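Please keep the structure open while reading, and turn to each group of residues as it is named.

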Amino acid sequence: HRGTLTSMARNKRSNRKSELGLMDTEFLSVLTHENTNEKLDPLWKTVLVNQFHDILPGTSIHEVYEVTKQEYQEVKETLETIQDERLDDLTDTLNTDNKEAGSGLMVLNTTGFERSDIVDLGEVKAKALVDSQGKLWPVQDTAQGGAIAYVDNLPAKGYETFALSEETVESESAFSFSDDFNLETPFYSVRFNEKGELASVYDKENDREILQEGQAGNVFRMYEDKPLDYDNWDIENYYVEKFWDWDTYDVFEWTEKGPVRASLHIEKSLSKSTLSEDIHFYKDKRRIDFVTKVDWKEAQHLLKVHFPVDIHTDEATFDIQFGNLKRKTHTNTSWDVARFECCGQKWVDLSEGHYGVSLLNDCKYGHSVHDSNIGLTLIKSGIVPNPVTDQEMHYFSYSLYPHAGDWRQGQTVKESYFFNQETFSRPVALDSQKHLESFSLASVNKANVVIETIKYAVDDEDIIVRLYESDNAKTKASLS
């Protein structure tokens, strides 16, 4: 039943966003000494009921998904309300009583890792953020109307405050263009082809091309998908025999060229469906992020995005809950043949001796890997038992993450948490830069030990800290 990894994509996205939202809210409750278990318990029960084995797999009738749409929306709104209350409590403790206090910003990191990443600043307006060492981090306005900045070393399961500055950070542009199709970033030389696909991504730091010769990356391919039986349950291995590439674009426009990132906006159409995507290249991050929206109007068609990477290996590593799993990618045995569509959670990785490429996602589960071509399954749209499955607007993001070494040395696990869990930011009033502070509720001294959840216990005021070891390596660690 390989199709259940993809059918009814809206529910799968809502499930992951709900789980992460609940986990973040539990942490905020502990951070602000306010036990919210009573409010969160009915939300958890809604999420868990909707993990029933026909609802979450996408194999229920249409009416079920009209109900879950409303239920997930209520979970989202309730979580946002509780989070706002807890963030207000937190920022109230950080605000000074000085009426002349200047403006500042609190950035909250809910992951268990010390975090160097892009921060969404919301409506905050400034030229730069100033940390406690006096270092200026430039702020960039986005095409969507908000602002972002890159900051490093945010404390694990904690927060850091920054002063806002109108001082311009003078520096040479991190990005250069010979034309619209050729971009130089600090990490990559990137070339797009006439179809709007990635023709080349050359890793300058590691001196190698990441795509196979003569092949393009970020290729959207629509396959005819007509299983013998069980439409929303199954994908048959013959689906690859009939397909169409989305190989023309309607819009190809660079919308951002700033101190933090360069962003390309692409729009495509095929058959009755349309796609729009913003591709982000960063000055300080090796990730290449793809933020995508698809208005899907097809039935019995499967949509994948492909990255044929130049990695010599016969196995792929897939993220699973609290760990990972290796699977062969060849077709030497009947078992191998059956692995034409496999389950993965937040990431899949192909690595050889000293180099690898990971593909991260924020709400997808179906993957195909053959001849080092990574395929991420995006939409399925079967017609039984729900005749309009997936015929709606889809929102999802994925990220290409080339790295030195294998996924362990490349820290793919950490990067996948960053990609899935955004930071929270809130304005605060500070006396001066001298009052900037940094706080970590919990941290661990080994990179392969992940602090996943911090929450109040169900029956009392004890605090639970859940950790796991992610590299299959016997490890002694210290929890602070």
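Helices and strands are here DSSP runs, a helix having at least four residues and a strand at least two, and they are numbered from the N terminus. The model is a predicted one. With those element names in hand, the points below go from a helix pair to a pocket and then to the cavities.

**Packing of H1 and H3**

- Helix H1, which spans residues 9-31, packs against helix H3, residues 62-94, at an angle of about 25°, and the two axes are 10 Å apart.
- Because angles under 35 degrees count as roughly parallel, H1 is described as roughly parallel to H3.
- The crossing that H1 and H3 form is left-handed.
- On the H1 side, the residues making the contact include Arg10, Asn11, Ser14, Ser18, Leu22, Thr25 and Leu28, while those on the H3 side include Tyr65, Tyr72, Val75, Leu79, Ile82, Arg86 and Leu90.
- Sorted by class, the residues of this contact between H1 and H3 comprise 10 nonpolar, nine polar and four charged.

**The second largest pocket**

- The volume of the second largest pocket is about 810 Å³, and among the 29 residues of its lining those closest to the centre are Glu19, Gln321, Phe322, Gln345 and Glu452.
- At least two lining residues each are supplied by H1, helix H2 (37-49), strand S19 (315-320), strand S29 (449-456) and strand S30 (463-469).
- The lining of the second largest pocket is made up of 13 nonpolar, seven polar and nine charged residues.

**The cavities**

- Two cavities of 30 Å³ or more are present in the structure.
- The largest cavity, with a volume of about 40 Å³, is lined by Gly196, Asn218, Phe220, Ile266, Lys268, Leu275 and Glu277.
- Strand S15 (261-270) and strand S16 (273-282) are the elements that give two or more residues to the lining of the largest cavity, and that lining divides by class into three nonpolar, two polar and two charged residues.
- The second largest cavity has a volume of about 30 Å³, and its lining consists of Leu5, Thr6, Ala9, Lys12, Cys363, Lys364, Tyr365 and Leu378.
- Five nonpolar residues, one polar residue and two charged residues make up the lining of the second largest cavity.

Technical notes
Residues are numbered from 1 along each chain as its sequence is written. This is a predicted model: local features need pLDDT of at least 70, side-chain atom pairs count only at pLDDT 80 or more; totals for chains, interfaces and linings use all residues. Side-chain values use heavy atoms; hydrogens and water are left out. Axes are lines fitted to C-alpha atoms, for helices over the stretch in contact, and angles run from 0 to 180 degrees between N-to-C directions. Angles under 35 degrees count as roughly parallel, over 145 as roughly antiparallel, 65 to 115 as roughly perpendicular and the rest as oblique. A crossing is left-handed if the near helix is turned anticlockwise from the far one by less than a right angle, and right-handed if clockwise. Contact means heavy atoms within 4.5 Å. Ala, Val, Leu, Ile, Met, Phe, Trp, Tyr, Cys and Pro count as nonpolar, Asp, Glu, Lys and Arg as charged, and the others, Gly among them, as polar. On a 1 Å grid over the protein atoms alone, a cavity is a set of points where a 1.4 Å probe fits but cannot get out, and a pocket is an open set with protein on both sides within 12 Å along at least five of seven lines; lining residues have an atom within 4 Å of a point. Grid points are joined across faces, edges and corners, and a volume is the space filled by probe spheres set on the points.
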